[in-house]
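Here is a colleague's note for a first look at this model. Please read the points with the structure open beside you.

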Amino acid sequence: MCTVCGCSTGEARLDGRAVRRDDDGCGHTHGHGHGHAHGHGHGHDHDHDHDHDHDHDHDHGHAHGHDHGHPAHAHAAAEHGALHAHAAGMSPSRMVEIERSILGKNDAYARDNRGLFQRLGVLALNLVSSPGSGKTTLLARTLTELRGELDFAVIEGDQETSLDAQRIRATGAPSVQINTGKGCHLDAHMVGHAAAQLELRAGSVLFIENVGNLVCPAAFDLGEAHKVAILSVTEGEDKPLKYPDMFHAASLMLIHKIDLLPHVDFDLQRCIDAALRVNPGLQILQLSSRSGEGLAQWYDWLRLQRAARQLGRAPSPAALAASRA
């Protein structure tokens with residue numbers, strides 16, 4: 001069991017094919033040491049050196065030619081067991097040590113992803129929300145209405161099924177499905193594999209639709225330029241206060257399904273005030289994928305962020321303010 005978020009272990013699947021990694025499915029390395037280079041075939045290399053306790057041959061066969069180049073692989077049994085122990089069996093200091101190691105490994109992969117995206121001028125956006133917020137519906141409409149104007153690619157994250165990836169591919173956008181099994185979030189290593197399979201085009205927009213969860217994805221950097229938090233009016237206006245880490249980590253919050261406001265008990269201003277209390281710099285847009293209200297502002301935000309990525313800089317405050325109007 002993961003000591004950071006509590007999700008269970010297991011192999012992720014990339015479009016139905018198992019992706020064997022040097023971790024437990026949450027970006028965790030089980031405390032085993034090895035030096036490895038991940039060659040994705042497009043200049044995306046992960047180089048990390050780790051200490052060895054003991055060596056044995058270990059072959060990672062990735063379906064897309066992802067070669068780790070580490071014939072000698074070591075497992076430290078005590079560390080491996082510790083990462084799967086319940087938190088109650090560890091001292092607080094040991095838990096902190098392991099959690100820092102887990103997130104540190106993930107952050108190293110995230111830096112590699114971010115470097116790739118920056119070199120290609122790709123705007124990578126991490127879409128995060130609760131299940132049922134409507135993010136796939138919003139994504140499908142965005143891809144359809146901006147088709148031909150912007151170049152898109154999508155990484156879909158779900159515990160099971162490829163239903164969302166099928167919906168996305170129906171829009172004409174290339175999409176890769178990651179199934180995390182019992183895992184409750186995507187990690188940077190999974191995203192690196194998926195990005196390699198997509199063969200991203202320079203200047204494109206990459207949407208990473210994370211597993212529906214307002215807790216764990218906040219802690220795992222994927223190499224994205226921004227986290228976009230999507231909150232449906234059916235969920236309640238108190239979510240930013242209940243799940244502050246997610247809304248603090250986000251650059252943009254989309255209040256979705258506003259066409260339902262006359263039919264639900266949702267205090268719009270209270271929600272906005274709560275979000276800004278958690279993150280005073282958070283940009284907030286209100287929209288509906290069903291009625292189309294507010295979509296123009298969302299599309300303008302995408303255009304602005306993509307243009308800024310092409311220039312290698314962040315949008316100016318004045319430009320951001322104009323995108324809200």
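1. Start with the cysteines. The structure holds 0 disulfides, a disulfide being a pair of cysteine sulfur atoms within 2.5 Å. Cys184 is in none, and the nearest cysteine sulfur, that of Cys216, is 3.3 Å away. In general, a disulfide is a covalent bond between the sulfur atoms of two cysteines.

2. Both cysteines are covered. Cys184 is buried, with a relative accessible area of 15%. Cys216 is buried too, at 9% relative accessibility. Buried means under 20% relative accessible area, exposed over 50%, and partly exposed in between (1.4 Å probe, protein chains only).

3. A word on the basis of these values. This is a predicted model, where local features need pLDDT of at least 70, side-chain atom pairs count only at pLDDT 80 or more, and totals for chains, interfaces and linings use all residues. Residues are numbered from 1 along each chain as its sequence is written, and side-chain values use heavy atoms, with hydrogens and water left out.

4. Next, strand β8. Strands (E, at least two residues) and helices (H or I, at least four) are DSSP runs, numbered from the N terminus. Which residues of β8 point which way? Phe152, Val154, Glu156 and Asp158 point one way, while Ala153, Ile155 and Gly157 point the other way. Residues on both sides are buried. In a regular strand the side chains alternate between the two faces of the sheet.

5. Now the neighbours of β8. Strand β10 (residues 205–209) runs parallel to β8, and 5 bridges join them. Strand β9 (residues 175–179) also runs parallel to β8, again with 5 bridges. Two strands pair if DSSP finds at least two bridges between them. Ile155 has a partner in each: its bridge partner in β10 is Ile208, and in β9 it stands opposite Val176.

6. Follow the chain from β8 to β9. Together with helix α4 (residues 163–169), these strands make a right-handed β-α-β unit. Right-handed means that, with the strands pointing away from the viewer, the path from the first strand over the helix to the second runs clockwise.

7. Turn to charge. The structure holds 10 salt bridges, each a side-chain nitrogen of Lys or Arg within 4 Å of a carboxyl oxygen of Asp or Glu. One of them joins Arg114 and Asp221, with the closest N and O atoms 2.8 Å apart. This pair links distant parts of the chain, 107 residues apart. Arg114 is in helix α2 (residues 92–120), whereas Asp221 is in the loop between β10 and β11 (226–232). Arg114 is partly exposed, at 24% relative accessible area.

8. Lys227 and Glu224 form another salt bridge, at 2.6 Å from N to O. Are these two side chains buried or exposed? Lys227 counts as buried at 7% relative accessibility. Glu224 counts as buried at 6%.

9. Last, helix α9 (residues 295–311). Asp300 and Arg303 both lie in this helix, 3 residues apart, or about one turn. Salt bridges that share partners join Glu149, Asp300 and Arg303 into one network. The side chains of Asp300 and Arg303 meet at 2.8 Å, N to O. Asp300 is partly exposed at 36% relative accessibility, and Arg303 is partly exposed at 30%.
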